[in-house]
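Hello,

Here is the structure I promised to pass on to you. My notes on its salt bridges follow below.

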Amino acid sequence: MSTMRMKHLSSVAKDVVQFCAVKLNTSVDKLTEEFEATSSWNNETASSPGGGGGAVGTYARKFIEFCSAKGVSELCQNNIEEKIADGIFSRFTFDMMLAWEIPDSAQEDSFTECVAKEKEEKKVVAKFPPEQDDVSLFYTDLMPLLVDNERNVGEDAFVWLGSLVPLVTDVVNGRFTFETLTAPTGYQLHFPAYDKYLKEIDKCIKHLQKQAKPKGVELADDEFILHVEGTASTQRVVRHIGGTSWPGKLTLTNYALYFEASGVITYEEALKIDLSKDKEQSVKPASTGPWGAPLFDKAIVIESPELSEGIVLEFPEVTSSTRRDHWLALTKEIMLMHQFLSKFKLECPIQAWEMHARTILSIIRLHAAREMLRISPPQPTRFLIFSLFEELPKGDYILEELAESLKKVNSGHPCSASSILRSMIISESIHSSVEVTEVGKKSAGPSGPVEDTSLLESVINQAREEEKEIAIAKATTEGLKEEGITESTTIFMELLKPLRNEWSWFEEVLTWERPATTLIVIGAALIVTYKEWVGKVIAAFLVWVVARMIRARQERIDEKCNELVVYTASEQTTVENIVSAQHGVQTVHEIVKKANVSVLKLWSIFISKAHKHANTAMLVLSAASVFLAVVPMKVFIMGALLYYFAMTLVSKLGKSEVNNQGFNRRLKEWWDSIPVIPVHVVDEVPNSPNRMKCVQAEG
């Protein structure tokens, strides 16, 4: 029976099965018997390999998955770097993907016919997206010559391989990695590119192993250097402290950043910036320049409640901010990883180290991709895990599923991320081999490090679709004309200063800084609302305003105040004033742009340009109208007041508001996905008084 089934496998599938049998020191017949005995395959369907193409294809694919999992586990046992160097690992795993895509002979014949027709019609052309016009010479020049007659691999096979071997890609972000890595080649992965990709990964690991430890620092046993710049052979890194600048060496590990200022002969002792603490720590882009002017957008600033001022690190380069963006993504990834471990309480050392290993491998894969695509470096977040899902819609749901799947990972499996790192001899793990082996035995199996990813895959696919929808919606806002704001806001802010002083007292009452006053305000507000004395309160307020006006007349303030004098000078220098004015103008400008986009989004909902969002808005408004019609207004207002002050008190006491955070995130994602109506600015005098009109699209 096994020989009959082998006849229906494709040629590359047969090669993969034969290779697995050799590596496992067994025969193909025994592999087949073991598969049919241990798998959950439907025996009725499997008993008729010649019956239907669908049944044969399903059987063949499951058989390939079984054999590949066992074969690649044997291949990952030791000396992976040697197998990558001599091409055995890349050739076998690439053939695994080919066999998984076309496992049976019927599919292979159909594929061969399609390729022959395409060659005759000369339709084999790689499509280059417009944003990837300037791509690496490896892709634009060598690839067409090297892969002209070779089969290539698609996205699904690449992600499947990632579920077996996290060295190639991680199953959670494999589709994003594949999409970015293969964009210049029409979203198809060719063997020369794949082989070079693996060799670059191996080269990056060896390069990082050779890096010197930061001066005066003893790295932890499970701490691994992930990136270094500022040495003699790399580009400069500059730390800004006030008006001074200090060049030096910057080292990133999976726990911290280390900055070593350059001394006369050697580096000074390293400044450690701990990224692993569970605290309100943030990293964001920053601009630097002479006298603090934001002229060069090539820096990052790390802020923390423990620091009196943010740590500013600049990455100088001539044209773009690619280096800064790279460091920003890596630093944020490490911070988010530790926040993830803390949030989901993954306190088991083996699970935590597995997540560390997967994060380390994702950063190494990013380094490898940057080496392959030097002319057009890839977007860093597409290769990372936590930075990607921090930005992605429903990313928090994906991280929840990742935390659950992490508990099912077989850390002792030879193809787990931690096992691969140990086999590539990067550093000693915090766990003994005996401990890891015992854990591995509990969940040992031929299916690889991840047992079941179907639910995770479903959530990821849903997130990808929503990301595309939001990207289309955001693209509609880019056409808005950006108008500069020239008028100063100094006089306006000074006129509002008395109100701001009163507002500070009001804020203290709202935030329970004055508990006695807050309780009095709550009681008064509830009594006024319940007794429906709102009109009387407004009348009392108007009487108070009249009394203040009479007092001002008695004090003859009108005679003393013939004009208002606003002092604009300050102790700042001229350059500092210019910088402050620039920041103020940019802030107001951003507010106006956001207001424009918000109005256009509301207009899109109102006229049902965004049909799905309009339906949601009408449903919510209808429900609100029914609620307000049934519930008395005073009861609604009293409930709203009590809810607000209760939530403010809970926030002040430091209790978590996870549900509110999730609701706010869903609301923001819904708002971001609303497309706006394009605005076309015409430099002409309108025929009618109305300076804006709706125009129907042509065609």
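**Salt bridges**

Arg358 pairs with Asp170 in a salt bridge, with 2.8 Å between the closest N and O atoms. Arg358 belongs to helix H14 (residues 349-372) and Asp170 to the loop between helix H10 (155-164) and helix H11 (174-181), so this pair ties together parts 188 residues apart in sequence. Both Arg358 and Asp170 are buried.

A word on the model and the terms: this is a predicted model, in which local features need pLDDT of at least 70, side-chain atom pairs count only at pLDDT 80 or more, and totals for chains, interfaces and linings use all residues. Residues are numbered from 1 along each chain as its sequence is written, and side-chain values use heavy atoms, leaving out hydrogens and water. A salt bridge is a side-chain nitrogen of Lys or Arg within 4 Å of a carboxyl oxygen of Asp or Glu. Helices (H or I, at least four residues) are DSSP runs, numbered from the N terminus. Buried means under 20% relative accessible area, exposed over 50%, and partly exposed in between (1.4 Å probe, protein chains only).

In total, the structure holds 30 salt bridges. Another one joins Arg665 and Asp396 at 3.7 Å, N to O. This pair links distant parts of the chain, with Arg665 in helix H28 (residues 658-672) and Asp396 in helix H16 (residues 395-406), 269 residues apart. Arg665 is partly exposed at 23% relative accessible area, while Asp396 is buried at 13%.

There is also a network of salt bridges that links Glu155, Asp156, Arg175, Glu179, Arg382, Glu457, Arg464 and Glu467.

Best wishes

Terms used: Helices (H or I, at least four residues) and strands (E, at least two) are DSSP runs, numbered from the N terminus.
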